[in-house]
Amino acid sequence: MTVEHVTMAAPAEIASGRPVRAGLILFALLAGAAVIGALAIGPFTIAPGRVLTILWAALTGDAAPGVALRERIVVLDVRLPRAVVGALTGAGTAVAGAVMQGVFRNPLADPGLVGVAPGAALAAVAFVVFGAPLAMLLPAPLQALGLPLAAFAGGLGTTLVIARLAARDGRTQVATLLFAGLALGALASAGTGVMVFLASEQQTREFLFWTLGSLGGATWLKAALAAPFVLGLLVASVFLARGLDALALGEAEAFHAGVSVERLKRGAVIAVAAGVGASVAATGVVGFIGLVVPHLARLVVGPSHRVLLPASALLGVAVLLGADILARMIAAPAELPLGVVTALVGAPFFLWLLLRRRAFVG
Amino acid sequence: MSEFCAAEVQKGDTSRIVAIGGAVTEILFALGLGDRVVAVDQTSRYPAAASRKPDVGYSRALSPEGVLSIGPSLILAAEGAGPRSTLDVLEQASVPVVLIPEAHDKAGVLAKIAAVAQAVGEQEKGRVLAAEVAADFAALEDMVKALPSRPRAVFVLSASGGAAVVGGSDTSADAIFRLACVTNAMAAIKGFKPALDEAAMSAEPDAVVVMKGGGQVLDADTVFSLPAFAGTPAARERRLVTMPGSFLLGFGPRTPRAARDLAAALHPGARLPELPPRQWAAEKDQ
């Protein structure tokens, strides 16, 4: 049996190529519209034409005639880095969800299963409670990065420990990975509970807001730091796609199709941990994107990972930036936590998916 | 010439102020500058006119674009406002941000008034207000000194799930107790923490103090059905003192009044005189 054969047998390929391509184009258009919306819409009113003038002037290095300093700052230093961080987070989280669902061969899997979010949360709250003196040791421009760096290290570290626990004689048992993830996630949450107990009222609130996610603190520096890890995950997903398609048929089948299943699983977990860890570090916890977006993408382009992964990335950008526009506009001049918006939209949608699925099966 | 003008505007433009922090907002209104306040944060509830201004949300999670969309010329914020990235953006947009140090005693309140007045260039009005508040503090000290006893009280922040979260030492609640010559029965705890039921019982509080505002009110039935207060003198006498949160714990100009009201409520026998009426403290129940 050739590799071609196996992937041909994957259900997505049964569907003809044209709707798949149309789906990808649709998601790309949505993502593009979301980026434009993220730059053009906000509580600070700027005519779209002026936004273009400002962007063009920044690109060419010319002075923009008749543009106020504040308009320039809102577009170039608030909305643009925000859109970049949002696009990275949306694409990274959605692809991570799709990859995890492939590795666990379970539609309910999300990056939280391998401990990224609980580990990052523990490190973040520990930093909020004890980290202020530590941050003082950093040079001034880096002080604001203390919490993101701690969260990144906490998320990645927890996942590596889980992966290590689940590996035996060079083989990773998916079931053990799942249970180790659950156990370590619970342990990390317990640690978070201890920290919350030790925290002051202010610190507890600060941490609570972090767990609800926001693009409000997005800066160019954060975008630059998160980008390599998220882009790494996106590039890795291109190479993981074929293996994940083969894995959909079972580990033994994938092995016989010439896929190095162990390398696939290990590579997937590490790429996801790095990509999601960097996203969480930049924005806090933004729920439901990793779970819901791959499902929605699968409805349109089918389950083949070679299209599902890029489709999830594009749709992730669209959904996250769309949610952020709502987060900025609903309570303006205040800002709703982004995770609240994604959960408000994501949870009912997920429920609808579930009921729809039951209607199909029953 | 044009450079000179720009510098002038930057230094002196206090026409559109965003006030962050209940005490900062109160001081601005007390200075008679309420009409220059264009937006407040969610803790600014007094006077009523302040709570009708646009709300920029939680002081530590300020949205850079949200704040800029108000078109502010000055941000006056209680210490701790942020995040840093938002303050950086405001700075870049040449909106000055003045942070007012937070403190929970007489000197701290007077320092806040001086700092706010200086930031808006109204030092003379600031001195007048500070003198009035200092006089209130002096009158408060005289009346609480004369009180015969020192009651023991517990401040209860919330009571979710049957456990009372109380104000221990090092809290704003502890500080207002001290001003009112009330002993904090839970001083053994540091910060706002859930109290162990037995610890609260053995502390033998004479009264429980709660705050109202923000949509939540703890009533006597809820508080005294908590196991923590079973059998305490407070529960036997059902002595519950309810005061507006921003008044009780705000540490703005009305703090001597809050301490006086608290002392009066905890000494039902003693007749405490009212502090002299002030225009900036005329609104009730906030």
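Reply: In this predicted model, helix 7 of chain B and helix 13 of chain B are roughly parallel to each other, because the angle between them is about 20 degrees and angles under 35 degrees count as roughly parallel. Helix 7 covers residues 123-145 of chain B, helix 13 covers residues 255-266 of chain B, and their axes are 9 Å apart. The crossing in which helix 7 of chain B passes helix 13 of chain B is left-handed. On the side of helix 7 of chain B, the contact is made by Val133(B), Asp136(B), Phe137(B), Leu140(B), Met143(B) and Val144(B). Helix 13 of chain B contributes Pro256(B), Arg257(B), Ala259(B), Arg260(B) and Ala263(B). By class, the residues of this contact between helix 7 and helix 13 of chain B are 8 nonpolar and 3 charged, with no polar ones.

A pair in chain A may be set beside this one. Helix 13 (residues 289-301) and helix 14 (residues 305-330) of chain A pack at an angle of about 125 degrees, and their axes are 8 Å apart. These two helices of chain A are therefore oblique to each other. Helix 13 of chain A passes helix 14 of chain A in a right-handed crossing. Among the residues of helix 13 of chain A that meet helix 14 of chain A are Ile289(A), Val293(A) and Arg298(A); the residues they meet in helix 14 of chain A include Val307(A), Ser312(A) and Gly316(A). The contact of helix 13 with helix 14 of chain A has 13 nonpolar, 2 polar and 1 charged residues.

Another helix of chain A shows which elements its buried residues pack against. Helix 8 of chain A (residues 174-198) has 25 residues and reaches 36 Å from its first C-alpha to its last, close to the 36 Å expected. Its buried residues are Leu177(A), Ala180(A), Gly181(A), Gly185(A), Ala188(A), Thr192(A) and Met195(A). In chain A, these buried residues of helix 8 pack against helix 5 (116-130), helix 7 (146-166) and strand 2 (171-172).

Finally, there is the contact between the chains. This contact takes 25 residues from chain A and 27 residues from chain B. Helix 4 (69-103) and helix 9 (201-212) of chain A each supply at least two residues of the side that touches chain B, and helix 4 of chain A gives the most, with 6 residues. That side of chain A has 12 nonpolar, 7 polar and 6 charged residues.

Conventions:
Residues numbered from 1 in each chain as written. Chains lettered and ligands numbered in written order. Predicted model: local features only at pLDDT ≥ 70, side-chain atom pairs only at ≥ 80, totals over all residues. Axes fitted to C-alpha atoms, helices over the stretch in contact; angles between N-to-C directions. Helix = DSSP H or I, 4+ residues; strand = E, 2+ residues; numbered from the N terminus. Parallel < 35°, antiparallel > 145°, perpendicular 65-115°, else oblique. Left-handed = near helix turned anticlockwise from the far one by under 90°. Contact = placed C-beta atoms within 7 Å. Nonpolar A, V, L, I, M, F, W, Y, C, P; charged D, E, K, R; others polar. Expected span 1.5 Å × (residues − 1). Buried ≥ 20, exposed ≤ 12 C-beta atoms within 10 Å, placed from the backbone.
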